[in-house]
Amino acid sequence: MSAVDQLQHDVLVIGGGGAGLRAAIAVAQEHPDLSIGIVSKVYPMRSHTVAAEGGMAAVIKDNDSAEDHIYDTISGSDWLADQDAVEMFVAEAPRELIQLEHWGCPWSREATGHVAVRPFGGMKLQRTWFATDKTGFHVLHSLFQTCLQFPSITRYDEWFATKLLVDDGRCQGCTAIELRTGQLRPIYAKAVIIATGGFGRIFPFTTNGAIKTGDGLAMAYRAGVALKDMEFVQYHPTGLPGTGILITEASRGEGGVLRNNKGERYLADYDLGEPLPLDDPRHPQLRTMELGPRDRLSQAFIKEQEKGNTYSGTYGDYVHLDIQHLGEHRIDTKLPFVRELARNYGGIDPVKESIPVRPVVHYMMGGIDTDIEAATSLPGLYAAGECACVSINGANRLGSNSLTELVVFGARAGRNAANFAHTSDPAAVDRLTSQVDGERDRIRRILEQPSGGDRVAELRREMTSTMEEGAGIYRTQEGIEQTYATLSDLRERFGGVDLDDRTNVYNTDLISALELDYMLDISLALAASARDRTESRGSHQRTDHPERDDDQFLKHSLAMRGDDGTPEVSFRDVVITKWPPGSRTYGSTDQAKAAKTES
Amino acid sequence: MSTAIETMVKFEVFRYQPDWDEPTYQVYDVPYREDWVVLDALNYIKDTIDGSLTYRWSCRMGVCGSCGAMVNGYPKLTCAAFLSEYLPGPIRVEPLVNFNVERDLVTDLEGFMEKLESVQPWIIREDGATDDLKSEYLQTPSQHAAYQQFSMCINCLLCYAACPVSSHSEEFIGPAALALAQRYNLDTRDEGVEQRRDVILKDEGIWECSFVGECSAVCPKHVDPAGAIQQAKMTGAIDYYRRLLMPWTVKS
Amino acid sequence: MDGEVLTQPTFRSLGWTWWTRRPSYLLVFLRETSSVFIAVQVVLVLVLLHKAGQPAADYQAYLDFLWNPGMVVFHVVSIAFALLHTYTWFNLMPQTVAIRIRGRRIPGLLLVAPQFGGWAVVTGLIIAWVWWVGAG
Ligand SMILES: Cc1cc2nc3c(=O)[nH]c(=O)nc-3n(C[C@H](O)[C@H](O)[C@H](O)COP(=O)(O)OP(=O)(O)OC[C@H]3O[C@@H](n4cnc5c(N)ncnc54)[C@H](O)[C@@H]3O)c2cc1C
Ligand code: SF4
Ligand code: FES
């Protein structure tokens with residue numbers, strides 16, 4: 001390939017979701033002289049940020065304070081969040097949300113013209129900004145449309161990144177397949193930002209779209225960067241059975257309640273406070289009952305299931321989410337998408353019936369190990385968004401903190417990568433050619449593998465089902481080890497994977513195989529981390545180790561890829577600034593306050 | 001649930017590869033499930049029968065806009081088209097018309113991306129550079145309501161596949177992009193009406209639309225692009241006469 | 001993976017027979033075609049007005065021409081088209097005009113009904129006038 005059509009940028013962003021777009025705009029605005037590339041395997045506005053419904057947290061109202069948001073986030077994380085990161089996150093959040101507002105995000109408004117806020121699970125005050133119940137959709141389209149105005153941004157839409165290029169201890173670009181032609185090409189850069197989103201697709205039942213396969217994590221992992229806190233998988237308590245489509249937490253924020261098959265508001269039995277009658281003006285109470293954190297609500301479902309208090313249906317057991325008492329008008333103005341989804345995919349109208357729901361894999365707290373500056377241990381490589389783990393989410397993310405994380409850390413990653421690029425030499429193209437050739441060979445081998453092996457879909461099915469069995473809401477040593485063994489076996493079998501499609505143009509069969517390859521790596525890292533954390537904290541519940549163990553495990557797990565491809569797990573202390581670990585109390589704001597003043 | 005004999009539905013799927021002279025239709029038998037959408041059937045085919053079938057999808061909840069296709073001749077989101085509506089079959093699935101087809105159901109979106117960019121779909125402000133981000137721009141709920149509907153577009157492009165004008169004029173900016181232009185023009189935070197004027201009013205802009213209205217009929221998000229274009233025409237016409245008859249009322 | 005790149009998109013359009021593809025297209029096609037008939041009708045009326053100022057024989061010849069069977073059929077078709085055009089056009093009004101009162105868009109019926117009402121009144125007045133002229 002001649003030097004003319006060599007693809008080269010100052011900063012390369014892999015991922016065109018909320019985090020990637022925010023990062024790219026940060027570079028473009030602050031350093032108009034830098035050239036930026038955005039590689040995305042789907043057109044950016046298809047990224048899964050589009051599916052986020054409920055809202056985005058930031059302190060804006062007079063009755064709220066940064067202290068409160070910090071405390072909610074830290075206690076929600078079961079004290080596994082790094083407190084310096086949370087403090088910074090909460091401090092920068094309002095400015096970032098106002099920035100989105102100035103870029104046209106159609107936030108829902110109060111009569112005065114100020115942005116409106118709504119209550120959300122685990123938050124003591126109303127601080128979640130929303131654009132009806134299509135917040136992520138509006139945020140993503142606002143960011144995408146805003147990014148169109150910057151001439152310094154070049155997009156590589158429908159290019160699939162496969163590998164990071166590293167030389168001299170510095171990340172200098174990636175290789176990517178242009179789907180339209182099937183060509184693998186290097187894209188060189190002085191600094192790289194990974195913003196490839198989460199990886200819910202390693203589980204069979206998830207709110208995550210097809211593209212959430214954790215490619216970016218695997219690329220960083222293979223380049224020698226650690227994956228942090230991988231064992232923490234968030235189950236959202238209210239997914240539609242069958243499809244896994246999410247019914248947003250905002251439905252509970254607006255006053256919706258959960259009932260078991262006896263019609264009881266069963267959360268009252270799980271230390272989440274006392275239920276108030278639905279006509280009580282104080283309902284719904286913050287940090288109480290239905291507005292408890294997601295890990296606790298999903299765990300309560302399993303307990304109810306064990307007691308036989310759930311309904312059973314074609315797609316497994318479920319409970320009822322009831323929003324009928326909100327009335328048609330409120331549902332149509334605040335939760336129109338919930339009504340649309342329940343009607344289309346659940347076959348029921350929530351104005352007249354309860355919505356069947358069950359816990360569903362939703363969000364990954366773990367990810368690429370970064371520091372508070374969004375930098376990884378590999379110079380020149382940054383990560384932001386759901387693929388990264390700073391960590392502000394610890395053992396359980398609070399709803400509506402994630403979208404905020406995208407813009408706060410996306411912007412940071414952008415600024416820092418830009419500064420790094422400013423002072424760095426261009427990529428050492430000559431020295432990287434052999435890596436590019438090696439990657440081309442790897443992919444060609446998969447493409448040209450003789451037939452006879454397993455199909456991609458079959459291996460994927462086995463992987464997701466073993467993840468659900470061993471690494472679900474409740475885990476045991478034995479179960480996890482079994483899952484780990486199954487995954488290792490699948491890893492072997494992947495070597496002989498048999499493709500139906502051996503052509504070049506839009507070979508989605510090949511892309512699925514590459515995604516599966518990445519998912520197997522990160523599933524193994526997840527299983528190893530879950531095996532080694534012998535305590536229960538937040539979303540990681542070990543029935544054989546039911547207690548939280550701060551002496552041993554007030555630590556982040558770090559999975560590194562060993563030479564033979566197997567993960568090696570070590571631990572690193574959590575950063576504590578002002579909030580020593582306390583017990584996570586939910587039930588009433590007073591209790592929470594008491595817990596806070598005690599600590 | 002499992003009946004002795006499964007009901008099967010026939011699918012006739014459009015297949016095309018760049019080195020073929022002609023597209024063909026391939027027939028697949030897919031088991032019928034009451035709660036399945038066409039996308040589920042395509043995934044079933046890809047996972048169990050033919051991994052080479054090529055189409056786009058991601059969210060499978062009608063919000064990412066990837067999965068548009070012609071289902072029995074009508075533009076649909078395949079993730080929102082229930083098999084039950086097409087019984088007993090056969091169900092014919094083809095790529096969206098009025099676009100180039102790259103392969104199977106995958107169409108070329110580059111033309112649309114250029115049109116989208118051409119209408120400058122972003123907030124334009126005179127104070128843009130000096131913005132201090134101290135507080136939000138105020139906007140009342142009714143000001144918000146004025147453009148809200150036009151901000152719901154997921155860029156699925158079903159409207160282009162329904163539009164006879166788009167079919168005959170590659171240059172026509174088309175329903176979705178024009179609706180987005182109108183979305184920004186109606187936003188009280190925006191000051192870019194003048195900047196967008198030329199693109200919207202040029203030959204390939206709103207005046208090429210002959211108000212067939214089918215774009216609004218097929219839009220899965222009730223954006224009503226036809227309405228947006230008509231409203232823009234109305235504003236454009238009033239503006240024209242105002243410039244002609246009362247030039248002193250127009251800011252230069 | 002590398003080497004020569006083969007992409008060869010194929011184009012599919014609705015084609016020139018697009019208006020036969022579905023009833024809604026056909027209706028639009030007819031609505032648009034109706035303007036041709038209406039335009040011709042306008043020309044005929046203008047000529048009529050012009051002839052009215054000419055010698056009586058000319059005027060009578062033109063009237064005879066208008067009464068020939070072809071012309072009568074044309075007028076019947078035209079009136080049908082005019083009705084179709086008016087009807088569809090009035091119904092499209094709510095999409096064209098977005099009037100908001102206290103943040104809510106006023107219902108389409110409120111825009112459509114007055115037009116049909118006005119149409120009825122004007123038609124009534126014309127019929128009455130023709131009647132009056134005819135009787136007088
Ligand atoms: C249904 C749902 C509802 C949610 N609701 C909320 C909510 O109300 N509030 C909240 O705070 N959070 C919510 N979340 C979580 C939040 O939406 C996500 O964490 C967040 O959107 C992730 O954004 P991202 O930018 O990191 O990644 P994504 O938006 O997933 O984008 C990833 C990008 O990376 C690209 N990419 C991936 N792999 C590759 C590759 N190999 N090559 C090239 N490109 C690649 C993709 O094309 C895409 O552009 C919700 C999540 C879901 C699933
Ligand atoms: S206007 Fe409607 S049909 Fe057209 S692209 Fe947007 S959402 Fe799709
Ligand atoms: S798959 Fe996203 S809209 Fe259909």
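Predicted model: local features only at pLDDT ≥ 70, side-chain atom pairs only at ≥ 80, totals over all residues.
Biologist: How many residues apart are E194(B) and R243(B)?

Modeller: The pair links distant parts of chain B. E194(B) sits in helix 7, residues 193-201. R243(B) sits in helix 9, residues 225-245. They are 49 residues apart.

Biologist: Why does R243(B) count as partly exposed?

Modeller: Buried means under 20% relative accessible area, and exposed means over 50%. R243(B) counts as partly exposed because its relative accessibility is 31%.

Biologist: Are R287(A) and D72(A) buried or exposed?

Modeller: Their side chains meet in a salt bridge, 2.9 Å from N to O. R287(A) lies in the loop between strand 12 and helix 7 of chain A, while D72(A) lies in helix 2. The two are 215 residues apart in the chain. Both residues are buried.

Biologist: What is the area buried between chain C and chain B?

Modeller: In contact are 28 residues of chain C and 40 residues of chain B. Carbon and sulfur atoms give 56% of the buried area. The area is about 2,700 Å².

Biologist: Which residues of chain C lose the most area to chain B?

Modeller: Three residues stand out here. Together they make up 27% of what the chain C side buries. They are R12(C), R22(C) and Q95(C).

Biologist: Which residue of chain B meets R12(C) in a salt bridge?

Modeller: The count between chain C and chain B is 2 salt bridges. In the one with R12(C), N and O are 2.9 Å apart. The residue is E94(B).

Biologist: Which helix of chain C gives the most to the side that touches chain B?

Modeller: Strand 1, helix 1 and helix 3 of chain C each supply at least two residues to that side. The leading helix gives 5 residues. That is helix 1.

Biologist: Which residue of chain C stands opposite V101(B)?

Modeller: Strand 6 of chain B, residues 99-103, pairs with strand 1 of chain C. The pairing is antiparallel, over 3 bridges. The residue opposite V101(B) is in strand 1 of chain C, and is T10(C).

Notes. Residues numbered from 1 in each chain as written. Chains lettered and ligands numbered in written order. Heavy atoms only, no water. Salt bridge = Lys/Arg side-chain N within 4 Å of Asp/Glu carboxyl O. Helix = DSSP H or I, 4+ residues; strand = E, 2+ residues; numbered from the N terminus. Buried < 20%, exposed > 50% of the residue type's maximum accessible area, 1.4 Å probe, protein only. Contact = heavy atoms within 4.5 Å. Buried area = accessible area lost by both parts, 1.4 Å probe. Pairing = 2+ DSSP bridges.
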